[in-house]
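Keep the viewer open and follow along.

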Amino acid sequence: MHEAVAAIAGCGVSPIVRIPANEGWMVKSNIFTCDNRIWQLIRFCEGALDSGAHGIIVPLIYTADDTIRLLKSAKFPPQGQRGFGSPFPMERFGIQTTTEYLHQANDALLTIVQIETKEALQNIDAIARTAVDCLFIGPFDLGNNIGHPIIDGKMDDELHEAIATIQRSAKEHDKSTGIYCTSGDQARQYADQGFHMISVAADMIALPTYLTSALTSAKGSYVHSALNIAKGAAAKMTGPYGR
């Protein structure tokens with residue numbers, strides 16, 4: 001993560017890190033462990049914000065108390081309990097002094113919570129009233145958790161209504177909204193509805209889809225491939241391996 005954050009920031013793009021869980025040490029801190037073989041301290045995990053991330057996405061939020069606990073980990077005092085001392089974040093914001101980073105971090109860093117559970121949907125107004133910056137919807141997990149999973153790409157009306165409920169609450173409390181999409185068309189649909197942070201494609205889907213399509217085009221149709229194979233078998237082989 002540390003190297004990826006530096007590389008992304010170096011390209012002039014804001015690195016946003018999705019941490020695995022709402023744990024304070026994942027948000028910001030350094031943890032050290034001892035290698036008994038060589039008796040040296042090695043860094044086990046560099047927290048997302050201390051590595052220089054411009055924001056964090058936190059999954060599996062259930063209640064407003066969860067978001068308040070997150071904010072305490074992500075904000076410096078007096079808004080939170082984040083400790084200060086990592087030498088890395090300043091570099092990820094260009095040329096900044098330690099003091100400059102400290103003064104602007106609480107306002108500049110993004111805290112994004114994933115709304116993907118039945119409990120979060122039920123508590124959406126209370127969550128939206130907290131100081132988080134963005135409500136990011138995970139439609140697949142949300143659908144599963146409310147009993148209306150996405151099957152073969154089809155979303156039930158109940159899931160559409162749940163997404164609309166989250167969007168209404170976000171607007172009411174002046175929060176940005178995001179949503180995970182799997183295609184450009186779907187992303188355009190939610191952009192037109194006023195969502196701010198939208199995925200367009202996932203690499204694990206886009207890369208195999210493109211490569212499969214390109215390979216299929218290169219091979220041609222099955223009939224075309226069969227004809228080429230037949231021609232190749234009938235032709236006299238030449239060259240160093242054609243003897």
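## Ground rules

A residue is called buried when its relative accessible area is under 20%, exposed when it is over 50%, and partly exposed in between (1.4 Å probe, protein chains only). This is a predicted model, so local features need pLDDT of at least 70 and side-chain atom pairs count only at pLDDT 80 or more, while totals for chains, interfaces and linings use all residues. Residues are numbered from 1 along each chain as its sequence is written, and side-chain values use heavy atoms, with hydrogens and water left out.

## The sheet

Let's start with the strands. Helices (H or I, at least four residues) and strands (E, at least two) are DSSP runs, numbered from the N terminus, and two strands pair if DSSP finds at least two bridges between them. Six strands make an open, parallel sheet, ordered β1-β4-β5-β6-β7-β8. β1 (16-18) and β8 (197-198) are the edge strands; each has a single partner, so one side of each lacks a neighbour in the sheet.

Going across, β1 is joined to β4 (residues 55-58) by three bridges, in parallel, and V17 sits opposite I56 of β4. Four bridges then pair β4 with β5, again parallel, where T111 is the bridge partner of I56. Another four parallel bridges connect β5 to β6 (residues 134-137), with Q114 facing F136 of β6. As for β5 itself (residues 110-115), five of its six residues are buried.

## The nonpolar core

A nonpolar core here is a set of buried Ala, Val, Leu, Ile, Met, Phe, Trp, Tyr and Cys residues joined through side-chain atoms within 4.5 Å. The largest one has 40 residues, and those with the most contacts inside it are I56, V113, I115, L135, I163 and I166. Helix α8 (residues 157-172) supplies the largest share of this core, five residues.

A128, in helix α6 (residues 124-128), is buried, because its relative accessibility is 0%. A128 and A170 are 42 residues apart in sequence, yet their C-alpha atoms are 6.1 Å apart.

## Salt bridges

A salt bridge is a side-chain nitrogen of Lys or Arg within 4 Å of a carboxyl oxygen of Asp or Glu; the structure holds five of them. In one, D50 meets R82 at 3.1 Å, N to O. This pair links distant parts of the chain, with D50 in the loop between β3 (40-46) and β4 and R82 in the loop between α3 (64-74) and α4 (98-108), 32 residues apart. D50 counts as buried because its relative accessibility is 3%, and R82 is buried too, at 3%.

Another bridge joins R168 to E161, with the closest N and O atoms 2.8 Å apart. R168 is partly exposed at 47%, as is E161 at 41%. R188 and D192 also form a bridge, at 3.0 Å between the closest N and O atoms; both lie in helix α9 (residues 184-192), four residues apart, about one turn of the helix. D192 is exposed, at 58% relative accessibility.
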